[in-house]
Amino acid sequence: MNHAIGDPIETPAERAGIVRASVDIAASAAEVFRALADPRELAAWLGGEPMPTDPRDGAARDPARLLPDGEWRIAAIAPDGTPGVVTGEYGHRSPPHVLDMTWRASWNDFATERVRFQLAPIDVGGVPGTRVTVVHTRANLRLHATPARLSHQAMASDSWPSSLARLAAHVATASALARWSARDSSPNDSFDALHRAVVDLHHAR
(Lines give C-alpha, C1' and ligand atoms only; values in the text may rest on other atoms or scores of the structure.)
Protein backbone atom coordinates (compact mmCIF):
# COMPACT_ATOMS: atom_id res chain seq x y z
CA MET A 1 0.00 0.00 0.00
CA ASN A 2 1.35 3.41 -0.94
CA HIS A 3 1.62 6.10 1.69
CA ALA A 4 0.93 9.77 1.01
CA ILE A 5 4.45 10.65 -0.11
CA GLY A 6 5.07 7.59 -2.26
CA ASP A 7 7.39 4.62 -1.90
CA PRO A 8 11.07 4.75 -2.87
CA ILE A 9 11.95 2.56 -5.83
CA GLU A 10 15.39 1.42 -6.88
CA THR A 11 16.15 -0.19 -10.23
CA PRO A 12 19.34 -2.10 -11.10
CA ALA A 13 22.27 -0.01 -12.28
CA GLU A 14 22.37 0.53 -16.05
CA ARG A 15 26.10 -0.17 -16.18
CA ALA A 16 29.07 -0.25 -13.83
CA GLY A 17 29.41 2.99 -11.93
CA ILE A 18 25.79 4.13 -12.41
CA VAL A 19 23.19 4.06 -9.62
CA ARG A 20 19.57 4.95 -10.34
CA ALA A 21 16.72 5.29 -7.82
CA SER A 22 13.27 6.91 -7.85
CA VAL A 23 10.52 8.07 -5.52
CA ASP A 24 6.99 9.35 -6.12
CA ILE A 25 6.02 12.45 -4.14
CA ALA A 26 2.55 13.96 -3.78
CA ALA A 27 3.79 17.50 -4.44
CA SER A 28 4.42 19.73 -7.43
CA ALA A 29 7.68 19.59 -9.36
CA ALA A 30 8.35 23.21 -8.35
CA GLU A 31 8.18 22.29 -4.64
CA VAL A 32 10.46 19.31 -5.13
CA PHE A 33 12.91 21.27 -7.30
CA ARG A 34 13.23 23.91 -4.60
CA ALA A 35 14.15 21.22 -2.06
CA LEU A 36 16.95 20.09 -4.39
CA ALA A 37 18.23 23.48 -5.57
CA ASP A 38 18.37 25.31 -2.23
CA PRO A 39 21.46 24.14 -0.26
CA ARG A 40 19.70 24.73 3.06
CA GLU A 41 16.76 22.55 2.02
CA LEU A 42 19.19 20.00 0.58
CA ALA A 43 20.86 19.81 3.99
CA ALA A 44 17.49 19.54 5.73
CA TRP A 45 16.58 16.23 4.07
CA LEU A 46 19.96 14.81 3.09
CA GLY A 47 21.39 15.35 6.55
CA GLY A 48 18.17 15.12 8.54
CA GLU A 49 18.75 18.64 9.92
CA PRO A 50 15.99 21.21 10.58
CA MET A 51 16.21 24.48 8.68
CA PRO A 52 16.81 27.48 10.97
CA THR A 53 13.71 29.69 10.97
CA ASP A 54 15.60 32.78 12.16
CA PRO A 55 18.88 33.57 10.33
CA ARG A 56 20.22 35.31 13.44
CA ASP A 57 19.55 32.22 15.52
CA GLY A 58 20.69 29.64 12.97
CA ALA A 59 23.73 31.23 11.33
CA ALA A 60 26.22 29.61 13.69
CA ARG A 61 24.75 26.12 13.35
CA ASP A 62 23.36 26.14 9.81
CA PRO A 63 24.30 22.72 8.31
CA ALA A 64 24.57 24.22 4.80
CA ARG A 65 27.16 26.74 3.68
CA LEU A 66 27.81 28.45 0.36
CA LEU A 67 31.56 28.79 -0.11
CA PRO A 68 33.17 31.82 -1.83
CA ASP A 69 33.66 30.03 -5.15
CA GLY A 70 29.99 29.04 -5.37
CA GLU A 71 30.51 25.55 -4.02
CA TRP A 72 28.10 24.31 -1.37
CA ARG A 73 29.05 22.23 1.66
CA ILE A 74 26.46 20.44 3.78
CA ALA A 75 26.28 18.06 6.70
CA ALA A 76 24.85 14.73 5.49
CA ILE A 77 24.12 11.23 6.71
CA ALA A 78 26.71 8.75 5.43
CA PRO A 79 25.53 5.38 4.05
CA ASP A 80 26.43 3.70 7.34
CA GLY A 81 24.28 6.19 9.28
CA THR A 82 27.17 8.22 10.70
CA PRO A 83 27.61 11.99 10.25
CA GLY A 84 29.36 13.00 7.03
CA VAL A 85 29.90 15.91 4.68
CA VAL A 86 29.06 16.41 1.00
CA THR A 87 30.33 19.26 -1.15
CA GLY A 88 29.44 20.12 -4.72
CA GLU A 89 28.48 22.69 -7.30
CA TYR A 90 25.21 23.08 -9.16
CA GLY A 91 25.52 22.58 -12.90
CA HIS A 92 22.82 22.44 -15.58
CA ARG A 93 19.39 23.55 -14.40
CA SER A 94 16.11 23.27 -16.26
CA PRO A 95 13.54 24.16 -13.58
CA PRO A 96 11.56 22.30 -12.52
CA HIS A 97 12.52 19.22 -14.52
CA VAL A 98 16.31 18.66 -14.45
CA LEU A 99 19.09 19.52 -12.02
CA ASP A 100 22.74 18.42 -12.33
CA MET A 101 25.38 18.74 -9.63
CA THR A 102 28.85 17.55 -8.75
CA TRP A 103 29.03 15.37 -5.65
CA ARG A 104 32.03 14.91 -3.36
CA ALA A 105 31.30 12.89 -0.22
CA SER A 106 33.53 12.49 2.82
CA TRP A 107 32.83 8.73 2.88
CA ASN A 108 34.30 8.42 -0.63
CA ASP A 109 37.45 10.47 0.00
CA PHE A 110 35.76 13.49 -1.66
CA ALA A 111 36.16 11.94 -5.12
CA THR A 112 34.26 13.98 -7.75
CA GLU A 113 31.07 12.25 -8.88
CA ARG A 114 27.99 13.41 -10.79
CA VAL A 115 24.35 13.43 -9.67
CA ARG A 116 21.38 14.25 -11.89
CA PHE A 117 17.81 14.69 -10.63
CA GLN A 118 15.00 14.26 -13.17
CA LEU A 119 11.46 15.34 -12.23
CA ALA A 120 8.36 14.19 -14.10
CA PRO A 121 4.66 14.92 -13.38
CA ILE A 122 2.61 11.87 -12.36
CA ASP A 123 -0.54 10.98 -10.46
CA VAL A 124 0.15 10.00 -6.84
CA GLY A 125 -2.85 8.55 -5.04
CA GLY A 126 -5.27 10.62 -7.10
CA VAL A 127 -3.46 13.94 -6.67
CA PRO A 128 -0.91 15.68 -8.91
CA GLY A 129 2.59 14.62 -7.95
CA THR A 130 6.16 14.23 -9.10
CA ARG A 131 8.38 11.25 -9.84
CA VAL A 132 11.95 12.06 -8.83
CA THR A 133 14.68 9.95 -10.43
CA VAL A 134 18.28 10.32 -9.31
CA VAL A 135 21.13 9.09 -11.53
CA HIS A 136 24.42 8.95 -9.64
CA THR A 137 27.56 8.43 -11.70
CA ARG A 138 30.21 7.00 -9.40
CA ALA A 139 33.88 7.96 -9.54
CA ASN A 140 36.07 5.67 -11.66
CA LEU A 141 38.14 4.74 -8.62
CA ARG A 142 35.16 2.75 -7.36
CA LEU A 143 35.39 0.48 -10.40
CA HIS A 144 38.85 -0.71 -9.34
CA ALA A 145 38.20 -0.93 -5.62
CA THR A 146 39.44 -3.56 -3.20
CA PRO A 147 36.88 -6.08 -1.89
CA ALA A 148 36.44 -3.94 1.24
CA ARG A 149 35.75 -0.84 -0.88
CA LEU A 150 33.44 -2.84 -3.15
CA SER A 151 31.44 -3.78 -0.06
CA HIS A 152 31.31 -0.10 0.87
CA GLN A 153 30.21 0.71 -2.69
CA ALA A 154 27.29 -1.71 -2.41
CA MET A 155 26.27 -0.09 0.87
CA ALA A 156 26.50 3.39 -0.69
CA SER A 157 24.44 2.25 -3.69
CA ASP A 158 21.64 1.29 -1.30
CA SER A 159 21.59 4.72 0.38
CA TRP A 160 19.62 6.63 -2.25
CA PRO A 161 16.22 5.02 -1.55
CA SER A 162 16.41 6.09 2.11
CA SER A 163 17.68 9.55 1.11
CA LEU A 164 14.81 9.96 -1.36
CA ALA A 165 12.35 8.86 1.33
CA ARG A 166 13.68 11.67 3.53
CA LEU A 167 13.30 14.07 0.57
CA ALA A 168 9.66 13.01 0.17
CA ALA A 169 8.97 13.47 3.88
CA HIS A 170 10.69 16.88 3.87
CA VAL A 171 8.65 18.12 0.91
CA ALA A 172 5.41 16.81 2.45
CA THR A 173 6.16 18.58 5.73
CA ALA A 174 7.14 21.85 4.00
CA SER A 175 3.98 21.67 1.87
CA ALA A 176 1.80 21.14 4.95
CA LEU A 177 3.43 24.09 6.73
CA ALA A 178 2.96 26.28 3.64
CA ARG A 179 -0.73 25.42 3.49
CA TRP A 180 -0.99 26.12 7.21
CA SER A 181 0.38 29.64 6.84
CA ALA A 182 -1.17 30.47 3.45
CA ARG A 183 -4.84 29.71 4.10
CA ASP A 184 -7.34 30.48 6.81
CA SER A 185 -7.96 26.92 7.95
CA SER A 186 -8.83 25.58 11.33
CA PRO A 187 -5.91 24.68 13.62
CA ASN A 188 -7.13 21.08 13.71
CA ASP A 189 -6.98 20.72 9.92
CA SER A 190 -3.47 22.17 9.79
CA PHE A 191 -2.30 20.00 12.66
CA ASP A 192 -3.71 16.88 11.00
CA ALA A 193 -1.83 17.65 7.76
CA LEU A 194 1.40 18.21 9.63
CA HIS A 195 0.86 15.10 11.75
CA ARG A 196 0.41 12.95 8.64
CA ALA A 197 3.66 14.32 7.21
CA VAL A 198 5.54 13.51 10.41
CA VAL A 199 4.09 9.98 10.49
CA ASP A 200 5.23 9.51 6.87
CA LEU A 201 8.71 10.70 7.85
CA HIS A 202 8.81 8.11 10.64
CA HIS A 203 7.79 5.27 8.33
CA ALA A 204 10.21 6.41 5.60
CA ARG A 205 13.25 5.90 7.80
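This is a predicted model: local features need pLDDT of at least 70, side-chain atom pairs count only at pLDDT 80 or more; totals for chains, interfaces and linings use all residues.

Let me begin with two residues, Glu 113 and Arg 138, which are both buried. Their side chains meet in a salt bridge, with N to O at 3.8 Å. Glu 113 lies in strand S8, residues 113-124, and Arg 138 is in the loop between S9 and helix H4, so the pair ties together parts that are 25 residues apart in sequence. As background, side chains of opposite charge can pair when their charged atoms come close.

The protein chain has 205 residues, and 44% of them count as buried. There are six helices and nine strands in the chain. If you take contacts between residues at least 6 apart in sequence, 50% of them join residues at least 24 apart. The accessible surface comes to about 10800 Å², with 55% of that belonging to carbon and sulfur atoms.

Back to the charged pairs. How many salt bridges does a search of the whole structure find? The search gives five. One of them joins the side chains of Asp 24 and Arg 131, at 2.7 Å from N to O. Asp 24 sits in strand S2, residues 18-25, while Arg 131 sits in strand S9, residues 127-137, and the two are 107 residues apart, so this pair links distant parts of the chain. Asp 24 is buried, with a relative accessible area of 13%, whereas Arg 131 is partly exposed at 35%.

Another salt bridge is formed by Glu 41 and Arg 34, whose closest N and O atoms are 3.6 Å apart. Is Glu 41 buried or exposed? Glu 41 counts as buried, because its relative accessibility is 10% and the cut-off for buried is under 20%. Arg 34 is partly exposed, with a relative accessible area of 44%.

Next, the nonpolar core. The largest one has 36 residues, and those that touch the most other members are Ile 25, Val 32, Trp 45, Trp 103, Phe 117, Trp 160 and Leu 167. Elements that give two or more residues to this core include S2, helix H1 (29-37), helix H2 (39-46), S8, S9 and helix H5 (159-182). Which element gives the largest share of this core? That is H1, with six residues. In general terms, nonpolar side chains in soluble globular proteins tend to be buried together.

Leaving out residues up to four places away in sequence, Trp 160 touches Val 19, Ala 21, Trp 45, Trp 103, Val 115, Phe 117, Val 134, His 136 and Arg 138. Arg 138 in that list is the residue I started with, the salt bridge partner of Glu 113.

Now the strands, with S7 as the reference. S7 is mostly covered, and eight of its eight residues are buried. In a regular strand the side chains alternate between the two faces of the sheet. For S7, both faces are covered. On one side are Val 98, Asp 100, Thr 102 and Arg 104, on the other Leu 99, Met 101, Trp 103 and Ala 105, and all of these are buried.

What does S7 pair with? S7 and S8 run antiparallel and are joined by six bridges. Within that pairing, Leu 99 has Phe 117 as its bridge partner, and Asp 100 stands opposite Arg 116. S6, residues 90-94, is also antiparallel to S7, over three bridges. S6 and S7 form a hairpin with three residues between them. S5, residues 83-88, pairs with S7 in the antiparallel sense over two bridges, and there Thr 87 has Arg 104 as its bridge partner.

The side chain of Glu 71 makes a polar contact with the side chain of Thr 87 at 3.3 Å and another with the side chain of Arg 104 at 2.4 Å. Glu 71 counts as buried, at 13% relative accessibility.

Last, S8 and S9. How many bridges join them? They pair in the antiparallel sense over 11 bridges. Pro 121 stands opposite Thr 130 in this pairing. The two strands form a hairpin with two residues between them, where Gly 125 takes a positive phi near 60 degrees.

That is the end of the walk-through, and I can take questions now.

How values were computed. Residues are numbered from 1 along each chain as its sequence is written. Side-chain values use heavy atoms; hydrogens and water are left out. Helices (H or I, at least four residues) and strands (E, at least two) are DSSP runs, numbered from the N terminus. Buried means under 20% relative accessible area, exposed over 50%, partly exposed in between (1.4 Å probe, protein chains only). Contact means heavy atoms within 4.5 Å. Accessible areas come from the Shrake-Rupley method with a 1.4 Å probe; for residues, only the protein chains shown count as cover. A salt bridge is a side-chain nitrogen of Lys or Arg within 4 Å of a carboxyl oxygen of Asp or Glu. A nonpolar core is a set of buried Ala, Val, Leu, Ile, Met, Phe, Trp, Tyr and Cys residues joined through side-chain atoms within 4.5 Å. A polar contact is a pair of N or O atoms within 3.5 Å; within protein, one must be able to donate a hydrogen and the other to accept it, and residues adjacent in sequence count only if both atoms are side-chain atoms. Two strands pair if DSSP finds at least two bridges between them.
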